[in-house]
Amino acid sequence: MLRRPLLVANWKMHKTVSESLAYARELIRRLEATSRPHDGREVVICPSALSLWPLAQRLRGVAVTLGAQHLDLGDEGAMTGALSGYLLRHAGASYVIVGHSERRQHFGETDATVASHVQEAFRRRLTPILCVGENAEENRSGVTRDVIRRQVGVVLDALTADDVARLVVAYEPVWAIGSGRVPTAGEASEIARFIRGLAREAFSPEVGESLRVLYGGSVSVTNLGEFWSQEAIDGALVGGAALEVEEFFRMATWGQEG
Ligand code: PGA
């Protein structure tokens, strides 16, 4: 099973609508001018929900896909402030980040809510990018695999084999996010293999092989190659470094031959 490489930008709470459009304009200009296309790999931008629709218009016909950073349950209804998968899908999102550690930390999302959001994403034909990862204390005390097993396990229990084969998991050690610190590519790769192993055990070897696993946490144009060249790692989820269009463009076309 060939897993399609994937590079995802998570803009978090950054960029106004007009800044988002200026970024898209510049990204398109660079992609059109390059002799190193990103054919064969998927490039996804997850902007603020406000910028989804304007970006979807600007990116028509361009090989860049959009994702949301969060979704709420339900389709439409009396739910002040909520953003459903239905609304996100109709605003141009194809992916949605679920269970990011910042959502778990600041918005009280639990393993159970995260599992229900992943299910909801599939129901709405959005591909979920499930974020998992240990914090610094858990890393120090050597319980990383236990944490990952718990976070991934509860989601696998809620899904069908078909869903899991299409799921994307981003391994994001919490201590690496925005800190400039990263695990070694070998360590990240072992965890990617471990995650795939959980899907294999829960379903089948084929399902395990189909599941895409990304690395995220302080990825930059300098260290991207170390992670991406690991057989077990299918790409990256990038925060801060993706805010600069030049840097994101260089990551999107990293390692491509002219
Ligand atoms: P970072 O963020 O690249 O700024 O560390 C990654 C993320 O939180 O998804």
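Predicted model: local features only at pLDDT ≥ 70, side-chain atom pairs only at ≥ 80, totals over all residues.
1. A ligand oxygen atom lies 2.8 Å from a backbone N or O atom of Gly 239, and a polar backbone atom of Gly 240 is 2.8 Å from an oxygen atom of the ligand. The protein buries 94% of the 280 Å² that the ligand exposes when taken alone.

2. The ligand is surrounded by 13 residues, and the closest are Lys 12, His 100, Glu 172, Gly 178 and Ser 218. By class, this shell comprises seven polar, four nonpolar and two charged residues.

3. Lys 12 is placed in the loop between strand 1 (6-10) and helix 1 (17-33). Its phi is near 50 degrees, a positive value in a residue other than glycine. Most residues other than glycine have a negative phi. Lys 12 has a relative accessible area of 23% and is therefore classed as partly exposed.

4. Arg 125 likewise has a positive phi, near 60 degrees, and is not a glycine. Arg 125 belongs to the loop that lies between helix 5 (111-123) and strand 5 (127-132). Because its relative accessible area is 59%, Arg 125 counts as exposed.

5. The largest nonpolar core contains 71 residues; those touching the most other members are Leu 7, Leu 27, Ile 45, Val 118, Ile 195 and Phe 248. Helix 9 (residues 185-202) contributes the most to this core, namely eight residues. Apart from this core lies another, of twelve residues, which include Leu 6, Ile 129, Cys 131 and Leu 214.

6. Ile 45 illustrates the contacts in question. Not counting residues up to four places away in sequence, Ile 45 touches Ala 9, Trp 11, Tyr 23, Leu 27, Val 64, Thr 65, Leu 66, Gly 67 and Phe 248.

7. His 70 is located in the loop between strand 3 (65-68) and helix 3 (85-90). His 70 counts as buried because its relative accessibility is 14%, under the 20% cut-off. Its side chain forms a polar contact of 3.0 Å with the side chain of Asp 72 and one of 3.5 Å with that of Arg 103. Leaving aside neighbours within four places in sequence, the residues in contact with His 70 are Leu 88, Val 96, Ile 97, Arg 103, Glu 109 and His 117.

Terms used: Residues numbered from 1 in each chain as written. Heavy atoms only, no water. Near = heavy atom within 4 Å. Polar contact = N/O pair within 3.5 Å; in protein donor to acceptor, adjacent residues only side chain to side chain. Areas by Shrake-Rupley, 256 points an atom, 1.4 Å probe, with all protein chains shown as cover. Nonpolar A, V, L, I, M, F, W, Y, C, P; charged D, E, K, R; others polar. Core = buried A, V, L, I, M, F, W, Y, C linked by side-chain atoms within 4.5 Å. Buried < 20%, exposed > 50% of the residue type's maximum accessible area, 1.4 Å probe, protein only. Helix = DSSP H or I, 4+ residues; strand = E, 2+ residues; numbered from the N terminus. Contact = heavy atoms within 4.5 Å.
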